[in-house]
Amino acid sequence: MAKRCTIVTFLFFLLFASFSFHQTLARVQILKHAEHSLVLGLTDSRVSLSLPRDFKHSFSKKPSEASDMMEPLREVRDGYLISLNIGTPAQVIQVYMDTGSDLTWVPCGNLSFDCMDCDDYRNNKLISTFSPSRSSSSYRDICGSPFCINIHSSDNSFDPCTEAGCSLYTLLKSTCSRPCPSFAYTYGEGGLVIGALTRDTLRVHGTSPGITRDIPKFCFGCVGSTYREPIGIAGFGRGALSLPSQLGFLQKGFSHCFLAFKYANNPNISSPLIIGDAAISSKESLQFTPMLKSPMFPNYYYIGLEAITVGNSSSAAVPLSLRDFDSQGNGGLLIDSGTTYTHLPEPFYSQLLSILQSMITYPRANEVEERAGFDLCYRVPCPNNTFTDSLFPSITFHFLNNVSLVLPEGNSFYPMSAPSNSSAVKCLLFQSMDDGDYGPAGVFGSFQQQNVEVVYDLEKERIGFQPMDCASAASARGLHKK
């Protein structure tokens, strides 16, 4: 642990030094427009879509009075992207939708944005950056704002304000007019971003075609330096900084229907993300499981797992930690669109693997397991080099309140390559949970949520599930280009 902290501390100072230099260059332009507001908007993933020319005039109501929204989500190799339209004129930035965090942030600075340990994304056309100096409405948040206080009130020892020794009392002075100090925001897998809180207007889409609204003074992170975080994030947690919170939808909710993985990187189809009453109404036919409240991470979404059934055979007993919290707040099953694969704690994970092994007779592909990092890979027949269904036993998740979700075909075992010589290798895309004694006991990832309508009913504090062909749902809403 000490070694890891030393490495992260070194990375923090390196990133902060880089960010501070670039911020010095940009600050004059940012502060020059402090009397205006900036425009953020949501559109179709990484591929920039032109917005209708007949934009509605700037929305005069408060964000909490805004009507329902529908934004397209596009699948890429490790998540689902939503487009933000930021600035005056608007700049389109593609970011991940993440239900496991609060802060919305975008890469900033054109050539000056720096991401360490992001070699896999070098020269990736999906990465886009925001330039505050090109927006006439961009300005830095001030240190007395609730959002500045929020982002500097955590126990993050790498926060620049903490490192500098500034007191929270200074930030709490409502008369403070200085820019909010730069922040550091960390993620569970070791990712780190450093940036400055920026205000702007968020341009969002209504549920009817061609309708847009401008939400003024939306607060987001303008990030100049990161570690292992090459693409921005739209935080959908329940904290004050999250996108639903700032838009006034925490008393309503949202829903999504993630496309199957075969549509990854396909620019011609997106899936609907619906925010507001339209996401919740007429959904009583769904099975709803209660949201659990974590005393450690109250802003995120937890559900309780009671059992996993493989075919007609039940797995070993699910540990209590997957449906309850200990005295320190550890435990629970986090449902997270920002984590690709479902993670389960040991020894339960290994017991699940043993049950699957006992029921599957195909030969193991050990060399693929070593190369791909998954624990169960099998060489399966593909007549005429065509994949067939029902090769593996079904896997059913049983949540609290008698809610059962049979994972759709393709949400458990997935091909590692195209068929060859009438065979192919499929691997179980589950993983064991690291550091299972701290934080959530498990994570229900986005890959296992494919072709499932997931409804976050925040008013009644419950989450609903319904298997669905998300591509057909997207086509019905006009999100499938021909």
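Predicted model: local features only at pLDDT ≥ 70, side-chain atom pairs only at ≥ 80, totals over all residues.

**Disulfides**

- Start with Cys115 and Cys118, which are joined by a disulfide with an S to S distance of 1.8 Å. Cys115 has a relative accessible area of 4%, so it counts as buried. Cys118 is buried too, with a relative accessible area of 4%.
- Next up is the disulfide between Cys148 and Cys180, at 2.1 Å from S to S. The torsion about this S-S bond is about 90°, so the disulfide is right-handed. Cys148 sits in helix H2 (residues 146–151), while Cys180 is in the loop between helix H4 (168–172) and strand S8 (183–186), so the bond ties together parts that are 32 residues apart in sequence.
- How buried are those two? Relative accessibility is 0% for Cys148, and the relative accessible area of Cys180 is 0% as well. Both fall under the 20% cut-off for buried, so Cys148 and Cys180 count as buried.
- Then there's Cys377 with Cys427, a disulfide whose sulfur atoms are 1.9 Å apart. Its S-S torsion is about 110°, so this disulfide is right-handed. The pair links distant parts of the chain, 50 residues apart: Cys377 belongs to strand S20 (residues 377–381) and Cys427 to strand S24 (residues 423–428). Cys377 and Cys427 are both buried.

**Two other cysteines**

- Cys219 is buried, at 0% relative accessibility.
- Cys382 also counts as buried, with its relative accessibility at 0%.

**The second largest pocket**

- This pocket holds about 580 Å³ of space. It is lined by 27 residues, and the ones closest to its centre are Asp389, Pro408, Glu409, Gly410 and Asn411.
- Which strand gives the most to the lining of this pocket? That's strand S23 (residues 413–415), which puts in three residues.

**A four-stranded sheet**

- Look for an open sheet of four strands, in the order S17-S16-S21-S22, with antiparallel pairing. Its edges are strand S17 (313–314) and strand S22 (403–406), each of which pairs on one side only.
- Strands S16 (residues 305–310) and S21 (residues 395–399) run antiparallel and are joined by five bridges. To find your place there, Thr309 stands opposite Thr396 in S21.
- As background, strands of a sheet pair through backbone hydrogen bonds.

**Around Ser446**

- Ser446 is found in the loop between strand S26 (442–444) and strand S27 (452–457).
- Is Ser446 buried or exposed? Its relative accessibility is 2%, so Ser446 counts as buried.
- What does Ser446 touch, leaving aside neighbours within four places in sequence? Its contacts are Tyr80, Phe258, Asp336, Ser337, Thr339 and Thr340.

Note on methods:
Residues numbered from 1 in each chain as written. Heavy atoms only, no water. Helix = DSSP H or I, 4+ residues; strand = E, 2+ residues; numbered from the N terminus. Buried < 20%, exposed > 50% of the residue type's maximum accessible area, 1.4 Å probe, protein only. Contact = heavy atoms within 4.5 Å. 1 Å grid on protein atoms, 1.4 Å probe; cavity = no way out; pocket = protein on both sides within 12 Å on 5 of 7 lines; lining within 4 Å. Points joined across faces, edges and corners; volume = space filled by probe spheres on them. Disulfide = S-S within 2.5 Å. Pairing = 2+ DSSP bridges.
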